[in-house]
Amino acid sequence: MPVKLHYEAFGMGVPIVCIHGFPLDHTIWQPMIPALAAGNRIILPDLRGHGLSPVPDGPYSMPEMAGDIIALLDDLDLPQVVLVGQSMGGYVALEVAHQAPERLLGLALVASHPYADSAQQKQARMDMITRVQVEGVEKTFVDFPVKLCPEAGVQEFTWTIIRATDARGIIGSIHAMAGRQDRREMLVSASFPTAVVLGEKDPFIPAEVQHRLQADCRDASITILSGAAHMLMMEKPLEVAAILQKVR
């Protein structure tokens, strides 16, 4: 059953829904709002288990998390939107595109990709769940902000969000990421415009994955931002906003 998501909205015009990554919340998109809200209606939800949205018991699945977004579109009476997802939010956006392609004017992945986890990656996620259960959120993720971005201000901002995220939401979302399906087809054969924005120095999407994306998804607009890491909407807000304006 869908969860009624908390969200914020800004501006008027073409609806652009931006989905945050793990284990963050909608506020990561704030640096882009001044550039993106001119002529657009920006909708920033908190995924289930994150931010101010409800925290149902897990495990979660990508179809469930996508269903929450589709329910939000219905509640807001938005038949079609430009859908943007960062990191885990990209996985959710891809699942929305798979379930309801008719709802998309365009799809953009920011610091994300369409591939499923390998067996090794799935095991690493299960190990992370165990660590959260044993040591708690703060000890498990104390080094995570440094991996997300080298900028001290971004690290401080994300650490505040991570520390406030419920362990149940974190564990449920890890299950969802581990169990997700490969959704390459949404970038290869979509009937709507697609774009991928990556950071040159993103430790979560290394060069070999970036090259694989460029080879597999030739019809998508793929941009690699020089010197950027994983928090592109905070590191390069003007550049990312300019790209998203064209995805429709």
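User: How many bridges join β6 to strand β7, and do they run parallel or antiparallel?
Analyst: In this predicted model, β6 and strand β7 (residues 221-225) run parallel and are joined by five bridges; within that pairing, Val 196 has Ile 222 as its bridge partner in β7.

User: What links with β6 on the strand β5 side?
Analyst: Strand β5 (residues 104-110) pairs with β6 in the parallel sense, over four bridges, and Leu 109 has Val 196 as its bridge partner in β6.

User: Which helix goes with β6 and β7 in a β-α-β unit?
Analyst: That is helix α10 (residues 207-216), which together with β6 and β7 makes a right-handed β-α-β unit.

User: Why is β6 described as largely enclosed?
Analyst: Six of the six residues of β6 (residues 194-199) are buried, so the strand is largely enclosed by the rest of the structure. In a regular strand, side chains alternate between the two faces of the sheet. Here both faces are covered, with Thr 194, Val 196 and Leu 198 buried on one side and Ala 195, Val 197 and Gly 199 buried on the other.

User: Changing topic, how much space lies in the largest pocket, and which residues are nearest its centre?
Analyst: The largest pocket holds about 850 Å³ of space, and of its 34 lining residues, Gln 121, Arg 125, Met 128, Phe 144 and Phe 204 lie nearest the centre.

User: Which helix gives the most to that lining?
Analyst: α4 does, with seven residues, while the helices that each supply at least two residues include α10, the helix of the β-α-β unit.

User: And how do the lining residues divide?
Analyst: They divide into 18 nonpolar, seven polar and nine charged residues.

Note on methods: Residues are numbered from 1 along each chain as its sequence is written. This is a predicted model: local features need pLDDT of at least 70, side-chain atom pairs count only at pLDDT 80 or more; totals for chains, interfaces and linings use all residues. Side-chain values use heavy atoms; hydrogens and water are left out. Buried means under 20% relative accessible area, exposed over 50%, partly exposed in between (1.4 Å probe, protein chains only). Two strands pair if DSSP finds at least two bridges between them. A crossover is right-handed if, with the strands pointing away from the viewer, the path from the first strand over the helix to the second runs clockwise. On a 1 Å grid over the protein atoms alone, a cavity is a set of points where a 1.4 Å probe fits but cannot get out, and a pocket is an open set with protein on both sides within 12 Å along at least five of seven lines; lining residues have an atom within 4 Å of a point. Grid points are joined across faces, edges and corners, and a volume is the space filled by probe spheres set on the points. Ala, Val, Leu, Ile, Met, Phe, Trp, Tyr, Cys and Pro count as nonpolar, Asp, Glu, Lys and Arg as charged, and the others, Gly among them, as polar.
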